[in-house]
Amino acid sequence: MLDFQKSYTCYYPDFRGHGRTRCESMDWNSPRLAEDIINFMDMLHIPKAHLFGYSLGANVALYCAVEHPERVASIITIGTSGFAEPAGVEEFEPEWLARHGQQELIEQMLERHEEAHLGNWQEFMRQSANEWRYYPQLTVEQLSGIRCPSLFITGEHDPFAGEEKIRKLSSLVQGSQYLVISDCSHRPHTVREKPVLVNDSILQFLSRTSI
């Protein structure tokens, strides 16, 4: 994120139930996380911000733009189609992971989010599966009501988004743009894929968008 810090003040809040954010309840979803982000902005006296989200974070950005348009200068999303994509969700259920010996993924969830879920990776994955199964629950009318500048990014081979789905999302959001990163997966911004292209594209988009 150093590319962005040269020109912008950047914040990287962990979501409720994720990372190092400790909370008593593991009951979360993208609408609730969107309210958390707005509350975070309130606490730091940030009247308006560019929101940049990946996967779950992308859904949260959409909810913020729908429910709190006055607080959102622009949204940049990676890896969301704008609609719930439940196909394959059973592979994230804790029972499926344990039964199929997915120990590496389990260890990742323990390492990345242990402070948030206090070692209860099963409930974390169950919540993640529920989010994947049911959200976002935004209607065509709600998505069509987004008016802030919007950039939707997908990897060419992203099974959850992809060009056809991202084109549909962009067609609903007036004045939005979409970008398909060739030969990339659900994570085109990561080191093993094309982070320079993704960052440069986002910075170009932001340079045309002011708060």
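Start by selecting residues 5-125: the end C-alpha atoms of this span lie 32 Å apart, and the span is 44% helix and 11% strand. Helices (H or I, at least four residues) and strands (E, at least two) are DSSP runs, numbered from the N terminus. The UniProt record, an unreviewed entry, annotates residues 5-125 as "domain: AB hydrolase-1". UniProt positions are given here in the numbering of this model, feature names are shortened, and annotations may be inferred rather than shown by experiment.

Two notes before going on. This is a predicted model, in which local features need pLDDT of at least 70 and side-chain atom pairs count only at pLDDT 80 or more, while totals for chains, interfaces and linings use all residues. Residues are numbered from 1 along each chain as its sequence is written, and side-chain values use heavy atoms, with hydrogens and water left out.

**Stop 1: asparagine 29**

Select asparagine 29, in the loop between helix H1 (2-5) and H2. Is asparagine 29 buried or exposed? At 18% relative accessibility, asparagine 29 counts as buried; buried means under 20% relative accessible area, exposed over 50%, and partly exposed in between (1.4 Å probe, protein chains only). Not counting residues up to four places away in sequence, asparagine 29 touches Glu131 and Tyr135, where contact means heavy atoms within 4.5 Å. With the side chain of tyrosine 135, the side chain of asparagine 29 makes a polar contact at 3.3 Å. A polar contact is a pair of N or O atoms within 3.5 Å; within protein, one must be able to donate a hydrogen and the other to accept it, and residues adjacent in sequence count only if both atoms are side-chain atoms. Asparagine 29 also caps the N-terminal end of H2, with a side-chain oxygen 3.0 Å from the backbone nitrogen of arginine 32.

**Stop 2: helix H2**

Now select helix H2, residues 30-43. At 1.5 Å a residue, its 14 residues should span 20 Å, and its end C-alpha atoms are 20 Å apart, which agrees. The expected span is 1.5 Å times one less than the number of residues.

Colour Ser30, Leu33, Ala34, Ile37, Ile38 and Met41, which are buried in H2. They cover an arc of only 145° around the axis, which puts them on the same side of H2. The arc is that of the directions from the helix axis to the C-beta atoms. An α-helix has 3.6 residues a turn, so residues three or four places apart point the same way. What do the buried residues of H2 pack against? Their partners are strand E1 (49-54), helix H3 (56-67) and helix H6 (121-134). After H2 comes histidine 45, whose phi is positive, near 55°.

**Stop 3: the cores**

Select Leu51, Val60, Cys64, Ile75 and Ile146, the residues with the most contacts inside the largest nonpolar core, which has 39 residues. A nonpolar core is a set of buried Ala, Val, Leu, Ile, Met, Phe, Trp, Tyr and Cys residues joined through side-chain atoms within 4.5 Å. Elements that give two or more residues to this core include H2, E1, strand E2 (72-78) and helix H5 (103-117). H3 gives the most, with 8 residues. Apart from this core lies another, of 11 residues, among them Ile76, Val198, Ile202 and Phe205.

**Stop 4: threonine 77**

Go to threonine 77, in strand E2. At 0% relative accessibility, threonine 77 counts as buried. Threonine 77 and phenylalanine 52 are 25 residues apart in sequence and 5.9 Å apart in space, C-alpha to C-alpha. Leaving out residues up to four places away in sequence, threonine 77 touches Gly53, Ala58, Ala61, Leu151, Phe152 and Ile153.

**Stop 5: helix H8**

Select Gly162, Ile166, Leu169, Ser170 and Leu172, the buried residues of H8. They cover an arc of only 160° around the axis, which puts them on the same side of H8. Turn to the face away from that buried side to find the exposed residues Glu164 and Ser171. The buried residues of H8 pack against helix H7 (140-144), strand E3 (150-155) and strand E4 (177-181).

**Stop 6: arginine 208**

Finish at arginine 208, in the segment after helix H9 (195-207). Arginine 208 is exposed, with a relative accessible area of 56%. The side chain of arginine 208 reaches the backbone oxygen of glutamine 204 at 3.3 Å.
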